[in-house]
Amino acid sequence: MSALDFIYRRHSVRKFKEADVDPVHIQEIIKAATYAPSGKNVQNWHFVILKNPNKIQDIVKIVEDKNAEMASWTDDESLKKEITKFKHYHTIFRGAPVLILAFAGPYREMAVEAFKAKNASSEELHNILRVSPAIQNVSAAIENLMLAAAALGYGTCWMTGPVYAFKEIQEYLGFHKEGYFLAAMTPLGVPEESELSSPPRKPIEEVMTIIE
Ligand SMILES: Cc1cc2nc3c(=O)[nH]c(=O)nc-3n(C[C@H](O)[C@H](O)[C@H](O)COP(=O)(O)O)c2cc1C
């Protein structure tokens, strides 16, 4: 038993039992999410919880429709195929008892304002914008959420695939908070399988450089 087992026990879960999620656990999981660090402690995140199975199926339909629409935008057959192939991968939350939608809110970046003030080139601006603390903040919260869920015996799966239907989803939810946008979503539920596993990881040496 390692102190880090709570990390190694999290896996992406895409199939769920019909069992409900205890509302107290939902509160606890979201609380854990809010204990993530955030730049200037702005906590620019918001979580929308869907528990109504009909509403979850409506989101599935919205994503499927958007997927079909996107496939119709291109004449490139291989791109069309790829889009269609990912339809399933983007709707794996269909059998989950709970769907959590993570929204990211505004984050004022002084560096971006300074670069703009000096009329930075589009490359310089791109380089500074890609750091995106707003997204890093919500990502830290999502990871906390997923680790907390795993520790309580639930499965989750970080999903950005379905976010291409952000506009339709946000309209459907009727959720509007100034400057907030859908960043990711995750199903939440009791995993169907008791033996969970994840794809292999790159060797540490490949992803770590120690500079003496
Ligand atoms: C930003 C992000 C987006 C992802 N989007 C999807 C998705 O749309 N659909 C899906 O089934 N899994 C998605 N995943 C899950 C990854 O496939 C999964 O984390 C990866 O294969 C490693 O497996 P593990 O989570 O079990 O360790 C996403 C993960 C991340 C971090």
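Reply: The largest cavity is lined by Phe 47, Ile 100, Ala 102, Ile 142, Leu 145, Ala 184, Met 185 and Thr 186. On a 1 Å grid over the protein atoms alone, a cavity is a set of points where a 1.4 Å probe fits but cannot get out, and lining residues have an atom within 4 Å of a point. The model is predicted: local features need pLDDT of at least 70, side-chain atom pairs count only at pLDDT 80 or more, and totals for chains, interfaces and linings use all residues. Residues are numbered from 1 along each chain as its sequence is written, and side-chain values use heavy atoms, without hydrogens and water.

Me: How many cavities of 30 Å³ or more are counted, and how much space lies in the largest cavity?

Reply: A volume is the space filled by probe spheres set on the grid points, which are joined across faces, edges and corners. The count is 1 cavity of 30 Å³ or more, and the largest cavity holds about 40 Å³.

Me: Which element gives the most to the lining of the largest cavity?

Reply: Strands (E, at least two residues) and helices (H or I, at least four) are DSSP runs, numbered from the N terminus. Strand 4 gives the most, with 3 residues; strand 2 (98-104), helix 7 (133-151) and strand 4 (181-189) each supply at least two.

Me: What is the order of the sheet's strands?

Reply: Two strands pair if DSSP finds at least two bridges between them. The open sheet of 4 strands has the order 1-2-4-3, with antiparallel pairing. Its edge strands, strand 1 (45-50) and strand 3 (155-156), each pair on one side only.

Key. On a 1 Å grid over the protein atoms alone, a cavity is a set of points where a 1.4 Å probe fits but cannot get out, and a pocket is an open set with protein on both sides within 12 Å along at least five of seven lines; lining residues have an atom within 4 Å of a point.
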